[in-house]
Amino acid sequence: VEALPGVRCSLGRYAAEVPGPRPEGYREDLELSHKLKNGTSSKQLYSHLGAGAESGWDFTSRFLRPPYRELHTCHACDFFPVDLNCFLLRYERNLATAYSIQI
């Protein structure tokens, strides 16, 4: 990601490469794939739904686009959540500190 002109940084995002419907929501995911519009493929939908499910967050407006009631508008892979990146930064710093400790 380019944060400022000429300044690049790495950010984390939720992502899942899922070839088909989620096992826990197979029927619902299959039905959603039949409602797709605007050129979204079934594979993209399954990846977004899988990423949203793997994130541990509920499917709320966090992952949905307007109208926020429709699960087929899920786009969990398309943004970089602040909370996820804060956790990743803390984990990286903890690992660096642990690595630098001499036993």
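What follows is a working chat about one predicted model.

Biologist: What are the ground rules here?
Modeller: The model is predicted, so local features need pLDDT of at least 70 and side-chain atom pairs count only at pLDDT 80 or more, while totals for chains, interfaces and linings use all residues. Residues are numbered from 1 along each chain as its sequence is written, and side-chain values use heavy atoms, with hydrogens and water left out.

Biologist: Which residues of helix α1 are buried?
Modeller: D29, L32 and S33 are buried in α1, which spans residues 26–33. Buried means under 20% relative accessible area, exposed over 50%, and partly exposed in between (1.4 Å probe, protein chains only). Helices are DSSP runs of H or I with at least four residues, strands are runs of E with at least two, and both are numbered from the N terminus.

Biologist: Why are they on the same side of α1?
Modeller: Because they cover an arc of only 100 degrees around the axis. That arc is taken from the directions from the helix axis to the C-beta atoms.

Biologist: And what do the buried residues of α1 pack against?
Modeller: Helix α2, residues 42–55. Contact means heavy atoms within 4.5 Å.

Biologist: Take D29. What does D29 touch?
Modeller: P21, R22, L45, Y46 and L49, leaving out residues up to four places away in sequence. D29 has 0% relative accessibility, so it counts as buried.

Biologist: Which side chain makes a polar contact with the side chain of D29?
Modeller: That of R22, at 2.8 Å. A polar contact is a pair of N or O atoms within 3.5 Å; within protein, one must be able to donate a hydrogen and the other to accept it, and residues adjacent in sequence count only if both atoms are side-chain atoms.

Biologist: Is R22 buried or exposed?
Modeller: R22 is buried, at a relative accessible area of 12%. Its salt bridge partner E24 has closest N and O atoms 3.7 Å apart from it, and E24 is exposed at 58%.

Biologist: How many salt bridges are there by this rule?
Modeller: The count is 6, where a salt bridge is a side-chain nitrogen of Lys or Arg within 4 Å of a carboxyl oxygen of Asp or Glu.

Biologist: What does R27 pair with?
Modeller: R27 meets E28 in a salt bridge at 3.3 Å, N to O, and forms another with E31 at 4.0 Å. R27 and E31 are 4 residues apart in α1, so about one helical turn separates them. Shared partners also join R22, E24 and D29 into one salt bridge network.

Biologist: Changing topic, which residues make the nonpolar surface patch?
Modeller: V1, L11 and F80, with about 240 Å². Patches use residues with over 30% relative accessible area and no salt bridge, joining like charges within 9 Å and nonpolar side chains (Val, Leu, Ile, Met, Phe, Trp, Tyr) within 5 Å. Areas come from the Shrake-Rupley method with a 1.4 Å probe, and for residues only the protein chains shown count as cover.

Biologist: Where does L11 lie?
Modeller: In the loop between β2 (7–8) and α1. L11 is partly exposed, at 40%.

Biologist: Last one: which residues does the cis peptide bond join?
Modeller: P66 and P67, with omega about -5 degrees. P67 lies in the loop between α2 and α3 (82–100). Most peptide bonds are trans.
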